[in-house]
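Please have the viewer open as you read.

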Amino acid sequence: MTGHQNDYTNYTVMMPPTPDNQPGTSDSKHDGAGGTTYGTTRFASESQQEGGGPKMERRMSSVLSSVNNKSMLLRSQTQDFDHNRWLFETKGTYGVGNAFWQDDHNYFGDEGVNMSDFMDKPWKPLTRKIKIPGAILSPYRLLVVIRIVILAFFLAWRIRNPNYDAMWLWGISIVCEIWFAFSWLLDILPKLNPINRSTDLAALHDKFDQPSSTNPTGRSDLPGIDVFVSTADPEKEPPLVTANTILSILCADYPIEKLACYISDDGGAILTFEAMAEAVKFAEVWVPFCRKHNIEPRNPDAYFNLKKDPTKNKKRPDFVKDRRWIKREYDEFKVRINGLPELIRKRSKMHNSKEEKKAKQLAKEKNGGTLPTDYTSEVPKATWMADGTHWPGTWYSPTPDHSKGDHAGILQIMSKVPDHDPVMGFADEKKLDFTGIDIRVPMFAYVSREKRPGYDHNKKAGAMNAMVRASAILSNGPFILNLDCDHYIYNSLAMREGMCFMMDRGGDRVCYIQFPQRFEGIDPSDRYANHNTVFFDGNMRALDGLQGPMYVGTGCMFRRYALYGFEPPRFIEHTGMFGRVKTKVNRNAPQIRDRNDDDDEAMQPLTSDSEMGYPQKFGSSTMFTESIAVAEFQARPLADHKSVKNGRPPGALIAPRPPLDAPTVAEAIAVISCWYEDKTEWGDRIGWIYGSVTEDVVTGYRMHNRGWRSIYCITRRDAFRGTAPINLTDRLHQVLRWATGSVEIFFSRNNAFFASRRLKFLQRISYLNVGIYPFTSVFLVVYCFIPALSLFSGQFIVSGLNTAFLIYLLLITICLTLISLLEVKWSGIALEEWWRNEQFWVIGGTSAHLVAVIQGLLKVVAGIEISFTLTSKSAGEDEEDVYADLYIVKWTSLFIMPLTILLINCIALIMGILRTVYSVIPEWNKLLGNMFFSFWVLSHMYPFAKGLMGKRGRVPTIIYVWSGILSITIALLWITIDPPSDTLQSGSIDV
């Protein structure tokens, strides 16, 4: 092959000999020893490099003979070497590893490598931290510092240059601006170290689900997960929505025997109970269907409403037939759910009339065969179950022991504990062909805790703690996934993604994995910033670079052991200025103690009651306290590498789960009784924390304060999806609840001012901002009135639009714009989303946040408790207009302040323009400055004004009434403050 050097010069990877990677094969200088012919490879042994043996010589002779036949091996057009033809003619192979390995052609001799050497995979981490590029992050940090310096100089200039003509206006504005600068610092400082993370699901599968020396059967060695779903009112949280959420959980791609689902019905409603029973029945066909055809998403309502082609990437020939059948089954399931209220009422009416007849018959028998004249029915209007017994929960006609705040505890295992071994389906003419498909369904339990008058049940937090205790008795999954009833699993692999962080190196220090909240059914323009992407993709991603994101109520996977109030095995204490002095503390008491006894027992769980003080903390249930050490041990990562600390031996979790028996279920019912938490630390140190309407933030803060860290898990495919209120009134009430909880945090011992040294400095700043941000509303409301006050008085916040003021304003605006653009760049949000967030910050700040501050102060000063109603979950029944709720105007007192700001600024604009136009010496610079700030306020209020006008843009009557009242009030105040005169003054006109 002389003259065709391009056949081998481009090869840089060392391979076994082929005609085009051996420079000397075409020459007649070939040495029979072959010492220089093979070259040097990283796979070959020394003996192979020296000689190779007769077997290799025979192999090389066949290669050389084929090389000499140019007409056979060269392409006619390009004259390049024909690799494919050479492989076919000589049966040669390129390389090893994932290529075909021929047993009879071993290039490496008897003592060389073999195929098993290439199949052994090295230890791999399950997660990876991806830093934000320095080209984005470095300018971002620099601009933050520059803006801080500019703000300092600007505020100093403002203080040194007062407006003597309007000191009151100058004083109000300077106080507001100083607070805004402080509030901006609290918000921006925790954003200085954003990061991204990725997971390796293939490595997780290889490590936990593949056969190994410690797990020869290949059973899953993953720890168990208990999924909690909470609901309280079937009227506001439709059972069909909840049922679809449950179905998506039961279909999750996780070992079936390791998964358990619990629903907490805090209202004790029979409608929810029977809807869940119907859901479990439908799950028997829906779950195998999803596994057979790899359906995504596995919420049936979301799946059947997909706009894309359902046959995309589907290869089974029976998919279309199966989908048609399961769609018909789901439609029948929906009809049964929708008909449950009427069915329950008819059943109860029938049974009650039977009981009434029995009571009358008994009264007749006692009265000699005639009905007494003074007979009155004492038969209660009970709600009846399908088995002909009284429903132990809330009745449709409430009575003592059967009302929302007064009913017995209920626990029902609706789907049994699945078998440890797979149960394969078969072909059924009446159903689908599930041959070769595992038809098991994870365990599902209905829980409604006991409620009695005189007990503080602590709202949602109390219901979650009851589920924690009941699940510890029944399944004791070492990890807990918390979902709202309207948040379903959109990515069936989400649990595995979260488990990558828990089972990786250092995972034993992680208390929870927070997933971002994603929403469906939001109007395309996202008028009220319902997606909240600035928070979920900006603030939370930045907190992940510190000590971890906050817990935001749903889509969170907890370590059960951390929920119990224990400290992490290792943590860091931060002391000195800004927490720069770090001290590592190892509290891994179980391992330290066990190593002193026996090194082989270092992986065993802690079982000493005296060290953990179980009875004083957790209540009187011995079965529950015994489950704590088991949960702690099972939650440890695998000890398969020297860098893994506090690990467990591989193969420790492949044993079957013990079966449930009557005493176990009875114990689970006992721990959900209303008296169980008496004289315990539930709600104070253990579980979800009581005392705030935002129990989620407080619970996460307590864990971070003990030294735990959390992880933010953003998956390529959204992990969960839910609904959010798109109606303005509902949205403001939702924000009001969050803001009120923040005010409660500020006035409680959960204020980050009192945090421990285990909380990082910037993490402390972020929690401080949680408690302080509602108070910004006071200054925001005042500042929104300043443009109107300036226009009314003819004055401005500065003595004039001089050069220094304009330069400072320009520099601050440019810095803020560049910072926002870079933040948009590293967070991945859109500019429109950023602007919507800014608009709703003003709308919410002048309405819900202000009311939250007032309510919080009333609670602290006067002890007035705050009550909230549930946010209604949309069932999506209006097919003609899915955004119908967006245009509904429901008047609320929260509208008063933003409406006042809107109208006063409009009136002030008109009066300011008229004042300047008809003035003897017009001061246009002041007018332009005031108009600029007034338009800034009005532009932020635009979504609010649009929401008030409804779908057809009609102005509600209340606006006309409010406008008239404000106009008359302003006119009277003006006349009182500045009485009319006949004298015209320069720059102003007296009416």
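K404 counts as partly exposed because its relative accessibility is 48%; buried means under 20% relative accessible area, exposed over 50%, and partly exposed in between, with a 1.4 Å probe and protein chains only. This is a predicted model, in which local features need pLDDT of at least 70 and side-chain atom pairs count only at pLDDT 80 or more, while totals for chains, interfaces and linings use all residues. Residues are numbered from 1 along each chain as its sequence is written, and side-chain values use heavy atoms, with hydrogens and water left out.

**Salt bridges: K404 and D233**

- K404 and D233 meet through their side chains in a salt bridge (3.9 Å, N to O).
- The partners come from distant parts of the chain, 171 residues apart: K404 is in the loop between β5 (402-403) and β6 (406-407), and D233 is in the loop between β3 (225-231) and α9 (239-250).
- Helices here are DSSP runs of H or I with at least four residues, strands are runs of E with at least two, and both are numbered from the N terminus.
- D233 has a relative accessible area of 15%, so D233 is buried.

- K191 and E823 form a salt bridge at 2.8 Å, N to O.
- This pair also links distant parts of the chain, 632 residues apart, with K191 in the loop between α7 (167-188) and β2 (195-199) and E823 in helix α27 (residues 803-827).
- K191 and E823 are both buried.

- The side chains of R518 and D718 meet in a salt bridge of 3.9 Å, N to O.
- R518 sits in the loop between β11 (510-514) and β12 (519-520) and D718 in the loop between β16 (709-712) and β17 (720-723), so the pair ties together parts that are 200 residues apart in sequence.
- R518 counts as buried because its relative accessibility is 16%.
- A network of salt bridges links R518, E520, D537, D718 and R721.

**Helix packing: α14 and α22**

- Helix α14 (residues 459-474) packs with helix α22 (residues 662-670) at an angle of about 170 degrees, and their axes are 8 Å apart.
- Axes are lines fitted to C-alpha atoms, for helices over the stretch in contact, and angles run from 0 to 180 degrees between N-to-C directions.
- The contact (heavy atoms within 4.5 Å) is made by A470, I473 and L474 of α14 and T664, V665, E667 and A668 of α22.

Terms used:
Salt bridge = Lys/Arg side-chain N within 4 Å of Asp/Glu carboxyl O.
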